[in-house]
Amino acid sequence: MALTIHNRGLEPDIFGTVNHADFDRSWPLFMQQDPTGQLYYGEIDKVADYVLLATDGDEPVAKAYSAPFAFGSKGREELPATGWDGVVRWQHADRLAGRAANIATALEIVVLKERQGTGIASTMVKALRDNAFRLGHDVLYAPVRPSQKSEEPETPMDEYAWRVRDDGLPYDAWLRVHVRAGGRILKVCPLSMTIVGTLAQWREWTGLPFDNDGPIVVAGALTPVLVSTAHDVGVYVEPNVWVEHRGGSA
Ligand SMILES: CC(C)(COP(=O)(O)OP(=O)(O)OC[C@H]1O[C@@H](n2cnc3c(N)ncnc32)[C@H](O)[C@@H]1OP(=O)(O)O)[C@@H](O)C(=O)NCCC(=O)NCCS
């Protein structure tokens, strides 16, 4: 399988061939409900140089999203505990203010469900790194979602993120892909994505009854969803892990 990597800024037309709904099937429905995402995906043409598509022949098989943002200035000395949501808000605020960006962040890599488990993920991580460095950034950060954490939602992320196998590589497959590509795990961002809904919405998103209070375990979620039946609200706060990719570190 020889993949071709396309850059949206250089080949905007090729993205017209993509059926995004095919890729949405790779994500649990509740993960598609974070309203902060609109500050990025709603303005995707403004960050087109940071968006990649992999095709196998004519078939789109993976997408990779990133964005530039300003880092190191007052109030932005540290990567935020709010991870994905936080950096999406920063990159949006930078565009509004016309602020120059010095750093890039990865935001999403998604592989077509039928093509998962065939090694495409590492190709996409490398492609995002190379693209960020080509665009003049020294560093690509990533608020990484360790997918296999969903198998143990009660484990604190700060314990899970640092767990390694006998060969010294991360236990989690997705963190492993980043580390193999030259990434370094920095810290947990405990408030990376916040997804809220009424209990009717959570029922629709998950097919679960949502008729009890308390932490509710949901398939595909990295931590339990916090529920109040009296207030008709479910809150999911997803922890992710900040990973740093530096130019020349692979
Ligand atoms: C996470 C994702 C990008 C991985 O892509 P992929 O192309 O399937 O991954 P690869 O085939 O390159 O495999 C990467 C590693 O994960 C492992 N892996 C793949 N699927 C797995 C599964 N279902 N369970 C456990 N490990 C798995 C592979 O064995 C490999 O690890 P190894 O090389 O150390 O053995 C893909 O599953 C996906 O699109 N998921 C939905 C979106 C998402 O979670 N994106 C990541 C956060 S932005």
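What follows is a short chat about this predicted model.

User: Before we start, what kind of model is this, and how are residues numbered?
Analyst: It's a predicted model: local features need pLDDT of at least 70, side-chain atom pairs count only at pLDDT 80 or more, and totals for chains, interfaces and linings use all residues. Residues are numbered from 1 along each chain as its sequence is written.

User: OK, ligand. Which residues are closest?
Analyst: Gln 116, Ile 120, Ala 121, Arg 145 and Ala 173 are the closest of the 20 residues that surround the ligand. A residue is near a molecule if its C-beta atom, placed from the backbone, lies within 6 Å of it.

User: And which elements give two or more residues to that shell?
Analyst: S4, helix H4 (120–134) and helix H6 (173–180) do. Helices (H or I, at least four residues) and strands (E, at least two) are DSSP runs, numbered from the N terminus.

User: How does the shell divide into nonpolar, polar and charged?
Analyst: Nine nonpolar, eight polar and three charged. Here Ala, Val, Leu, Ile, Met, Phe, Trp, Tyr, Cys and Pro count as nonpolar, Asp, Glu, Lys and Arg as charged, and the others, Gly among them, as polar.

User: Back to H4. Which of its residues are buried?
Analyst: Among them are Ile 120, Ala 121, Met 124 and Leu 128. Buried is 20 or more other C-beta atoms within 10 Å of a residue's own, exposed is 12 or fewer, and partly exposed is in between, with C-beta atoms placed from the backbone.

User: What span does H4 reach?
Analyst: H4 has 15 residues and reaches 21 Å from first C-alpha to last, close to the 21 Å expected. The expected span is 1.5 Å times one less than the number of residues. After H4 comes Gly 136, with a positive phi near 100°.

User: Which residues have the most contacts inside the largest nonpolar core?
Analyst: Ala 62, Met 124 and Leu 128, in a core of 59 residues. A nonpolar core is a set of buried Ala, Val, Leu, Ile, Met, Phe, Trp, Tyr and Cys residues joined through C-beta atoms within 7 Å.

User: What is Leu 128 in contact with?
Analyst: Leaving aside neighbours within four places in sequence, Leu 128 is in contact with Leu 52, Ala 64, Ser 66, Ala 106 and Leu 140. Contact takes C-beta atoms, placed from the backbone, within 7 Å.

User: Switching to strands. Why is S3 called largely enclosed?
Analyst: Because nine of the 11 residues of S3 (residues 59–69) are buried. S3 pairs antiparallel with S2 (residues 51–56) over six bridges, and eight bridges join S3 to S4 (residues 103–111), also antiparallel. Two strands pair if DSSP finds at least two bridges between them.

User: Which residues stand opposite each other there?
Analyst: Leu 53 stands opposite Lys 63 in S3, and Ser 66 stands opposite Ala 106 in S4.

User: What about the S2 and S3 turn?
Analyst: S2 and S3 form a hairpin with two residues between them, and Gly 57 in the turn has a positive phi of about 65°.

Notes:
Contact = placed C-beta atoms within 7 Å.
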